[in-house]
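Please open the model in a viewer and keep the sequence panel at hand.

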Amino acid sequence: MQRSVKEHYKISPFLVLFLVHSVQTGIKILTFQQDVVPISGNDSWIVILFTALFVHAVTWMIYRILDRGHGDLIAVHHDMFGKWFGGLLSIVWIFYFALIGFVVLRSFIEVIQVWMFPEISSFWLSLVILLLVYYCVAGGFRVVAGICFLGVIIPSYLLFTLFFMLGYMDFHNLLPVWNHKPAEMLQAATTMLGGYIGFTVIFMFYPYIQNAKSSQKWAHGGIAASTFVYLILMITAIAFFGVNRMEHTVWPTLEMWKIVTMPFVERFEYIGISTWTLIVLTNLCPSFWAASRGIRQLFSLNQRHALIGILIISLILSSYINGKEQIDALSSMLDQMGLYLNSLYVPLLFILSLFLLRRKKS
Amino acid sequence: MRKNVMSSLMLLLALCSISSGCVDPMIVDEIQMVSALGYDAADDGQLKITTAVPLYLPSKEVQTETYTAIVPILKSTPKFINAESSQPFVVGKIEVVLISSELAEQGVNSLIDSLSRDPYVGAQIYVAIVQGETQALLEKKLGQNDNGSYLSSMLEHAVETIGLPDTNLHRFLYAYYADGLDPVLPLIQLKEDKAAIIGTALFKGDRMVGHIPLGNEMSIFKMLLENSTKQDTFALPVSSSGDKKTYASINKLNSKRSIHVQMQGETPKITIYLSMEGHVREYSGTEKTEQIKPNIKEQLEQMIQIEAEKLIEQFQEAGIDPLGIGEKAKSRYRNWNAKKWEEQYRMSNIAVHVNVTITEAGVTK
């Protein structure tokens, strides 16, 4: 197990902002409104703020655990729970990281199949995307961080398309503020957490950050950036569609682009979805990197071989999973897993680390 | 390492070219780009669908070709219509969808559903109701351009200048799904060889229940409906001292509207404020404009108020709410209830306040 990383493989602390932000905003950002709005209606934007607070708290705990430990999550598990039980817990997390990548991949292919090319085969499309992922991840973590940086900067122009919707927005739809029960808000917040999962890759890339302790503020910055984007898109969508119609749309963020018409392009979705490939890539690379890094740490395998294994399994599975129901089932499985890992496991690990890790140190 | 990366890059390029071959190509010259769709009722509850496709002739003229099919369910249209055509149809360029008033009275939900479900159909397309048959309208040569783009530019122009409310597929769907708001659509008729806008069709849910005819009434309706409106004209009969009837034509520059809802126990009290700025463009009397200006202002205010209150009374009687008063009330009151509101709306007391400012009167005194 490798506990420290050579200095020239490390990244600047500020890149953590881009890593965290880009791994959070991927495919869920296209659909999160219609998951949350049926539960909490016009108050959904408040729900986002609550969820963001919670995610900030979890991030704080992650940093406390890692600051105390020696190395990444796999090392922490090893130190706290020993080789066998710690290894078992690590396998759960490795599976979780790989699942994030896989769900994003398959959901994005679904978007392409519904919005652009109904006949395109999932297998070939996955192959092309996964080869690109291999190319990035095999280049090492610095390349992954670089891709995440560009994957935030380049597609950010998409936010300007919101101006096209201004004429159709009625902000009365947001009123009256807070007319839902706290229980409904809580349920909506657990759903909203699905939009934030992925930031736990911090557990894996922590040793790769120069001056890692100082990067915590950038991680919080990344979460704040995601919250900002989610908030804008939620408010826009509620004002644009109204609460009732949201329940009849599948991809509210994409559906809003139907109104965008420019003199040189009749339908903007084609440009938008093509640009989205880059955003999806910044979801796939960190999560597949984290999974393969985990395998390398746990089983002392070559990381590149582990990566190839994960990618081939993803490739095969992605052509076996078909239709909206299966993809939805898979993605709700990921959401459940993310909910338990983020809101139960991480706090538990944090509390245990206060006792178990200190003893190791002394 | 370096070699590894290069070879995977080459493989990637090769695969890109293979996988791009997986999708059927669509070449502009080899497809039929539908520009307008028409829905009519056929016998036994079936539908008659007319598609209009622009045909670009070598002489640079544009003609419209139409294909009509009678189908049991909407989505099977491509099959029936493709049976008549040498090239496949695509719907990505639809500009106008026409629905016959006969169908609209039975409900348009199933027709609109197939449009909103289709990712290739934009949200900015026009949907209009046709009094009579859509097939007959689409088969006429309406203008220099093909019928789809002709109708869409006609509607666009009408929204800007003759007081047609601004509608499109998105606005229709928004109003259809919203609580306390009913949709409206433009109403068109074939008059001799020309398509003409004759009013605004009113809906209750997805059923057409009546219409507002073109003229002062529709202009006032637009002012009540939209937060702010621009260009429009009013013809106003002015009673002057003599017994000769005189008319003034007023050019509206802009108008603003705000709706205030107040709950007095169970009955809501609703006040709509309209303010408008205009120019006098024509006056058939003999007095100087300075003398007649206050008179015109007063009578225009009165006319707008009476017409507006008459329209609102009609809406309350029919139980429809195209102005979205229910939606406004919903955003103000926490215990708003859609079922209860229906009754409250009917009982509610709606007043209209109008404020007209006449700024100029042309270059004649």
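## Charges and conventions

Begin by selecting the charged side chains of chain B: 36 are positive and 45 negative, and the centres of the two sets lie 7 Å apart. Lys and Arg count as positive and Asp and Glu as negative, while His and the chain ends are not counted; each charge is placed at NZ of Lys, CZ of Arg, CG of Asp or CD of Glu. The model is predicted, so local features need pLDDT of at least 70 and side-chain atom pairs count only at pLDDT 80 or more, whereas totals for chains, interfaces and linings use all residues. Residues are numbered from 1 along each chain as its sequence is written, chains are lettered from A and ligands numbered from 1 in the order in which they are written, and side-chain values use heavy atoms, with hydrogens and water left out.

Now make the corresponding selection in chain A, where the mean positions of the 23 positive and 17 negative charges are 19 Å apart.

## Chain A as a whole

Colour chain A by secondary structure. It has 14 helices and zero strands; helices (H or I, at least four residues) and strands (E, at least two) are DSSP runs, numbered from the N terminus. The radius of gyration of chain A, taken over C-alpha atoms, is 20 Å, close to the 21 Å that the globule rule gives for 362 residues, so chain A is as compact as a globular protein of that length. The rule in question is 2.2 Å times the number of residues to the power 0.38. Along the principal axes, the C-alpha atoms of chain A fill a box of roughly 65 × 45 × 35 Å.

Next, colour chain A by accessibility. Of its 362 residues, 61% count as buried; buried means under 20% relative accessible area, exposed over 50%, and partly exposed in between (1.4 Å probe, protein chains only). The accessible surface of chain A comes to about 14,100 Å², of which 69% belongs to carbon and sulfur atoms. These areas come from the Shrake-Rupley method with a 1.4 Å probe, and for residues only the protein chains shown count as cover.

Contacts (heavy atoms within 4.5 Å) can be displayed as well. Among those in chain A between residues at least 6 apart in sequence, 85% join residues at least 24 apart.

Select residues 15-24 of chain A. Is this helix, α1, enclosed or exposed? Ten of its ten residues are buried, so α1 is largely enclosed by the rest of the structure. Among the buried residues are A:L15, A:F18 and A:H21.

Two backbone features come next. Most residues other than glycine have a negative phi, and most peptide bonds are trans. Go to the loop between α6 and α7 (182-192) of chain A, where A:P176 lies: a cis peptide bond joins A:L175 and A:P176, with omega about -10°. Then move to A:S300, in the loop between α12 and α13 (303-320) of chain A. Phi of A:S300 is positive, near 55°, and the residue counts as exposed at 58% relative accessibility.

## The contact between the chains

Show both chains together. The contact takes 40 residues from chain A and 38 residues from chain B. Between them the chains bury about 3,400 Å², 58% of it on carbon and sulfur atoms; buried area is the accessible area (1.4 Å probe) that two parts lose on being put together, summed over both. Which three residues of chain A supply more of its buried area than any other three? They are A:Y168, A:R245 and A:K258, with 18% of the area that chain A buries against chain B.

## Chain B

Chain B contains eleven helices and 15 strands, and its C-alpha trace spans about 90 × 60 × 60 Å along the principal axes. Buried residues make up 49% of its 365 residues.

Centre on B:I250 in strand β13 (residues 246-264). B:I250 is buried, with a relative accessible area of 0%. Leaving aside neighbours within four places in sequence, its contacts include B:D232, B:F234, B:M276 and B:L300. The C-alpha atoms of B:I250 and B:D232, 18 residues apart along the chain, are separated by 8.5 Å.

Finish at B:K60, in the loop between β3 (47-56) and β4 (62-71) of chain B. B:K60 is not a glycine, yet its phi is positive, about 70°; at 78% relative accessibility, B:K60 counts as exposed.
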